[in-house]
Amino acid sequence: MSPKAVIFKKLSRDKSVGVYMAKRDFVDHCDTVDPIDGVVLLDPVQVKGKKVYITLSCSFRYGRDDSDVLGMAFRRDIFVSTRQVFPALQDRDKATHTRIQKNMLRKLGDHAYPFFFEFPDNLPCSVALHPGASDVGKQCAVEFEVKAFCTEGQDEKIIKRSSARLAIRKIQYAPVDSKVIPTAETTFEFLMSDKPLHMQATLTKEVYYHGEPINVSVNIVNSTNRTLKALTVAVEQITNVVLYSNDKYVKAVAVEETTDTIPSGTTLKKDYSLTPTLQTVSKGRRGLALDGKLKHQDTNLASSSIVKEEVLREVQGMLVSYRVVIRGIASGMIGSSEVNLEVPFKLMHPKPAPDTESEADDMVFEEFKRVCLKGLTGEEEDDDDDKAGEA
């Protein structure tokens, strides 16, 4: 049996407009970004004398509802692009860019109209910070949305029951392995000690996949008159909120507290293995960067941010990075000192195999809800009582 392409649909409450898309995740390949294509289906009776528009938006929300507090807007639109789909401004065939659009137009009939967007090069990827128990309002997040609406003009107020909103994601997959072996080393000198403490840590590669063990080779040469103890090896997630506040969140997502002790004049050479996942940290940790809601069972930690050199950091909203940190306490006769060493790396998803089902001629239509978007942030749609079904 030939595979069927799953087409996600979302209808407005009054059924005046509906949006149909074959994808919910759009990949940033660093040099190019997957374009957004779909079809808008309208009811000619309800839209008579009106116009139908489609909008792609990227917004940054800083932990509050859509309101101003003390003159500060806690939501900012990073990018908005609106296009008129009805009455059509160009021939339907010329406005059709992909095979799946042609199949949907043939299936949905004469009252269906194609739309097509391309992402600008400088937009961030989807990411969210999990709020704390005392936080009020929506969580801090970078969100993408496609919205179709019916009004008498583009600048008219959008009536909620005449609009259909679809949350989508912009994601990145791991780049081709650079063959770089991350390593770091440092030397510490202490008062009343003639010789130093030397620390070195090496990873096996630069890019790790979510759920993959991270192997760390640690080499410590203690030539001091102190004893190194309380040695811990951790993976930390660093999230910089760069658009509004320059907040910085550092969260340990995997920790191994060892019993290793390195007395004066001895050496430690040992390999450690840590696997950072959402399950290895408390789900109530405020400021933990995620790909989506905690209630989704397969929600994972946010992937590392890869930003082009020419793109302004401030436009990215939030930047996520990871590092392995080795810490210890060097204790002696006249006090103790903390020592640490950091090795950065990237945590990402592997690039999946090409999707051939989206190009299939047979299609099944499924109701598009935010709760269906695995790893997506934001509230669920209001009219989520519609059922999925075939058309």
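Reply: A patch is made of residues with over 30% relative accessible area and no salt bridge, like charges being joined within 9 Å and nonpolar side chains (Val, Leu, Ile, Met, Phe, Trp, Tyr) within 5 Å. Areas come from the Shrake-Rupley method with a 1.4 Å probe, and for residues only the protein chains shown count as cover. Leu-191, Met-192, Met-333 and Ile-334 form such a nonpolar patch on the surface, with about 560 Å² of accessible area together. This is a predicted model, in which local features need pLDDT of at least 70 and side-chain atom pairs count only at pLDDT 80 or more, while totals for chains, interfaces and linings use all residues. Residues are numbered from 1 along each chain as its sequence is written, and side-chain values use heavy atoms, with hydrogens and water left out.

Me: Why does Met-192 count as exposed?

Reply: Buried means under 20% relative accessible area, exposed over 50%, and partly exposed in between (1.4 Å probe, protein chains only). Met-192 has 62% relative accessibility and therefore counts as exposed. Met-192 is found in the loop between strand E13 (183-188) and strand E14 (197-203); strands (E, at least two residues) and helices (H or I, at least four) are DSSP runs, numbered from the N terminus.

Me: What makes the pair of Tyr-208 and Phe-345 edge-to-face?

Reply: Rings of Phe, Tyr and Trp (its six-membered ring) pair if their centres lie within 6.5 Å; planes under 30 degrees apart count as stacked, over 60 as edge-to-face and the rest as tilted. The centres of Tyr-208 and Phe-345 are 5.7 Å apart and their planes are at 90°, so the pair is edge-to-face. Tyr-208 lies in strand E15 (residues 207-209) and Phe-345 in strand E22 (residues 335-348), so the pair ties together parts that are 137 residues apart in sequence. Both Tyr-208 and Phe-345 are buried.

Me: How many aromatic pairs does this rule give, and what makes Phe-115 and Phe-117 a tilted one?

Reply: The count comes to 7 aromatic pairs. Phe-115 and Phe-117 are 6.2 Å apart, centre to centre, with 55° between the planes, and form a tilted pair. Phe-115 and Phe-117 are both buried.

Me: What makes the contact between Arg-169 and Asp-25 a salt bridge?

Reply: A salt bridge is a side-chain nitrogen of Lys or Arg within 4 Å of a carboxyl oxygen of Asp or Glu. The closest N and O atoms of Arg-169 and Asp-25 are 2.8 Å apart, and the two residues form a salt bridge. The pair links distant parts of the chain, with Arg-169 in strand E12 (residues 163-172) and Asp-25 in strand E3 (residues 25-28), 144 residues apart. Arg-169 counts as buried because its relative accessibility is 10%, whereas Asp-25, at 27%, counts as partly exposed. The count comes to 11 salt bridges.

Me: How do you know that Cys-58 is in no disulfide?

Reply: A disulfide is a pair of cysteine sulfur atoms within 2.5 Å. The structure holds 0 disulfides. The cysteine sulfur nearest to Cys-58 is that of Cys-125, 9.5 Å away, and Cys-58 is in no disulfide. Cys-58 has a relative accessible area of 0% and is therefore buried.
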